[in-house]
Amino acid sequence: MIHYIENEQIRIGVKEFGAELTSFYNKQNHTEYLWQGDPEIWGGQSPVLFPIIGRLKDDRYTVGGKEYSMPKHGLARKRPFALTEKAEHAMTFTQTEDEDTLKSYPFRYVLSLRFTIEGSSLTVEHIIENPNAEKMYFSIGAHPAFNCKIGDTLVFEKPETLTTQMLDLHESLRLPDTEPVLNHEDTITITEHIFDKDALILSGYQSRAITLHADGGKRPVVFHFDSPYLGIWSKPGAPYVCLEPWYGVNDTTDSDGVFEQKEGIICLDAGKTYIAAWRADI
């Protein structure tokens, strides 16, 4: 089921399954800004990445010395959420653990996504609560895909000098190699082959916003984020680009699989709450 909220400027739709954003529609110019998930290219639209981002080495990891298995990007995106709040301009979807998740991820959790619209802006908050009596370890990330064309540009708010971490194309694990992306520059141009080696995985940037100048600059999307990693990805040549604020990252090819020591992992004390958010202005 899809739930909608709207104001005079925009309308958004969110699926209960996966709490996945499925529409970000501008009522002023009658334009859909979100990729519509063509299954012949990529059926996703805005999956939630929890409690891992990317792939684990051999899809396995240990917590407290016990081994578990988990698929790429975790569990939340493949499970239903419940609509737990709906107001005129905001709605919240919540998911908790069950017997099946505990076999793959040994923590109870409360994961809520709160969608709020104001003017032509959408804010998405990922709210993680730890109901366990002990520390809880996880990563959280977003994966929204925006419509664009080859030749469109992504412009950081500040000049950046950045490299991307390279991925093993078979296992989707990080290699020790990097490639330059920007050198005291602010603009990435979307080309037909920019994603031939998979996602750009960026870190160490100063910017807290990046603008997608879609449709030759006619439909800008200003994307605000505060994450330590930013993934940028599309199927090569496809008419969308994913802007992915990540609070965590893929395993490396030489990872030891110890979840508590995984790069970028978040450790949340018992009874505490963690919030990660992004905002898009159109």
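Started with a strand pair: S2 (residues 10-15) and S3 (residues 21-26) run antiparallel, joined by five bridges. I count strands as DSSP runs (E, at least two residues; helices are H or I, at least four), numbered from the N terminus, and two strands pair if DSSP finds at least two bridges between them. I checked isoleucine 12, and its bridge partner in S3 is phenylalanine 24.

Housekeeping: this is a predicted model, with local features needing pLDDT of at least 70, side-chain atom pairs counting only at pLDDT 80 or more, and totals for chains, interfaces and linings using all residues. Residues are numbered from 1 along each chain as its sequence is written, and side-chain values use heavy atoms, with hydrogens and water left out.

Back to the sheet. It is open, with four strands in the order S1-S2-S3-S4 and antiparallel pairing. S1 (2-6) and S4 (31-32) are at the edges with a single partner strand each, so one side of each has no neighbour in the sheet.

Next, pockets. I take a pocket as an open set of points on a 1 Å grid over the protein atoms alone, where a 1.4 Å probe fits, with protein on both sides within 12 Å along at least five of seven lines; lining residues have an atom within 4 Å of a point. The largest pocket holds about 260 Å³ of space, the volume being what probe spheres set on the points fill, with points joined across faces, edges and corners. Its lining has 17 residues, and Lys72, His73, His143, Asp198 and Trp233 lie nearest the centre.

The second largest pocket holds about 150 Å³. Its lining includes Met166, Glu179, His193 and Asp198. S15 gives the largest share of that lining, three residues.
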